Amino acid sequence: MALLESLAMLFYEFFKIGLFAIGGGLATLPFLNELQVRHDWFTPDDITNMLAISESTPGPLGVNMATYVGFKNCGIIGGVVATLGLIAPSIIIIIIIARFLRKFQDNPYVRYAFYGLRPASAGLIAAAALDIGKVVVFSGTVSFASASAFFGALDLKGILFGVLLLVLTNIKKLKKIHPVFFIAFAAVIGIVFRFGGV
Amino acid sequence: MVLKEILDLFLIFARIGGLTFGGGYAMLPMLQQEMVEKRKWATEEELMDYYAIGQCTPGIIAVNTATFIGHKIKGIVGGIFATLGVVFPSLVIISIISAFIINFATLPVVINAFAGIRVCVCVLVINAVVKLYKSAVVDKLTLVLFLAVGLLMLLTPVSPILLVLLSGAAGLGIQLIKAKGAKK
């Protein structure tokens, strides 16, 4: 019974994400952050780890995260149920839209709504990016008590490496390199320089 | 016969899902090759339409596009099986990786590797946000919406669902007022 309840909850939460995350790719990210706060299903670190895994394996972030969260909490069946929850709204909506494709695309009201939805989606993802950035820039808890406490919490290794990567990934010649190589490089740097502090 | 066609749909999309790294846009060249050139299941224009709609409907682009093409070929059942096919490889791969992470997460080498990776992920997300920003923020009003939604999300516990609904309404309202103004 407890398992059935957890499965229903997984399906429901990921169904909601599938219904409201618009724009593909990282669009599920802010919703995952919010889900993390409400449920004890995974940690904030799990989200960034899964982002890295999603960049290095086939499959979109949303699907991977649903599989991971479901698996972690209810085993293989949990992974399947959470993923089905995530894709169910898309299947329903797309099948409906497919029936009047042209009309949907040319409808001015749809276009008008997306004029507002696009910057909102970008804003949500930017906020999620800052949340991830906070973990990279500060080691431990951020303190504004004094200047020395604030600067003491800064993770200089992480910041330096982040800036380096930001430059590298934006060099034109390197842009064609698949992100998986940057991720592998970052893993090696993390191990060599003990980024985790252990 | 119908069963075989549906199985085919599932397998073809499973292959595409298993070979595209990086989600939605990475899938486009594969779809062009498989769907347009090889099987003639869809035209180039249709594929573009599917992408455009996939981008502006809820859900993941890869999932939405699979549903579209499956639906076109074999109706609702086709849509469902093409979609199940496209997510199937992820489901298998991530289940295996999850078991690994959960069992090895406490090893120092894994902790250090993921701490390094986290920096890289942060940078990749920043790059993605910059790209998104450029295509979404086209004037002062969209800039205001971008900032308002971002700050509300950062500083208040408001639900992202509510922000999405309000922004859609705001876009609709702003454009309707503009359209009315233009008519006069």
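## Surface and dimensions of chain A

In this predicted model, chain A has an accessible surface of about 9400 Å², and 70% of that surface belongs to carbon and sulfur atoms; accessible areas come from the Shrake-Rupley method with a 1.4 Å probe, and for residues only the protein chains shown count as cover. Along the principal axes, the C-alpha atoms of chain A fill a box of roughly 60 × 50 × 35 Å.

Chain A has 198 residues, of which 52% count as buried. Buried is defined as under 20% relative accessible area, exposed as over 50%, and partly exposed as in between (1.4 Å probe, protein chains only).

## Basis of the values

This is a predicted model in which local features need pLDDT of at least 70 and side-chain atom pairs count only at pLDDT 80 or more, while totals for chains, interfaces and linings use all residues. Residues are numbered from 1 along each chain as its sequence is written, chains are lettered from A and ligands numbered from 1 in the order in which they are written, and side-chain values use heavy atoms, with hydrogens and water left out.

## Secondary structure

Chain A has 9 helices and 0 strands; helices (H or I, at least four residues) and strands (E, at least two) are DSSP runs, numbered from the N terminus. The order of elements from the N terminus is α-α-α-α-α-α-α-α-α. Of the contacts in chain A between residues at least 6 apart in sequence, 50% join residues at least 24 apart, a contact being heavy atoms within 4.5 Å.

## Interface of chains A and B

The interface brings 95 residues of chain A into contact with 86 residues of chain B. Between them the two chains bury about 7900 Å², 80% of it on carbon and sulfur atoms. Buried area here is the accessible area (1.4 Å probe) that two parts lose on being put together, summed over both.

The count of salt bridges between chain A and chain B is 1, with a salt bridge taken as a side-chain nitrogen of Lys or Arg within 4 Å of a carboxyl oxygen of Asp or Glu. It joins the side chains of A:Asp45 and B:Arg118 at 3.8 Å, N to O. On the chain A side, at least two residues each come from H1 (2-20), H2 (29-38), H3 (44-56), H4 (61-99), H5 (101-106), H6 (108-137), H8 (156-169) and H9 (179-192). H6(A) gives the most, with 23 residues. By class, the chain A side divides into 58 nonpolar, 27 polar and 10 charged residues; Ala, Val, Leu, Ile, Met, Phe, Trp, Tyr, Cys and Pro count as nonpolar, Asp, Glu, Lys and Arg as charged, and the others, Gly among them, as polar.

## Helix H2 of chain A

H2(A) is largely enclosed by the rest of the structure, because 8 of its 10 residues are buried. Among the buried residues of H2(A) are A:Leu29, A:Pro30, A:Phe31 and A:Leu32.

A:Glu34 also lies in this helix and is buried, with a relative accessible area of 17%. Leaving aside residues up to four places away in sequence, A:Glu34 touches B:Ser159 and B:Pro160.

## Positive phi values

A:Arg194 is not a glycine, yet has a positive phi of about 50°. A:Arg194 is placed in the segment after H9 of chain A.

In chain B, B:Lys40 has a positive phi near 55°, again in a residue other than glycine. B:Lys40 lies in the loop between helix H2 (24-38) and helix H3 (44-55) of chain B, and counts as exposed at 64% relative accessibility.
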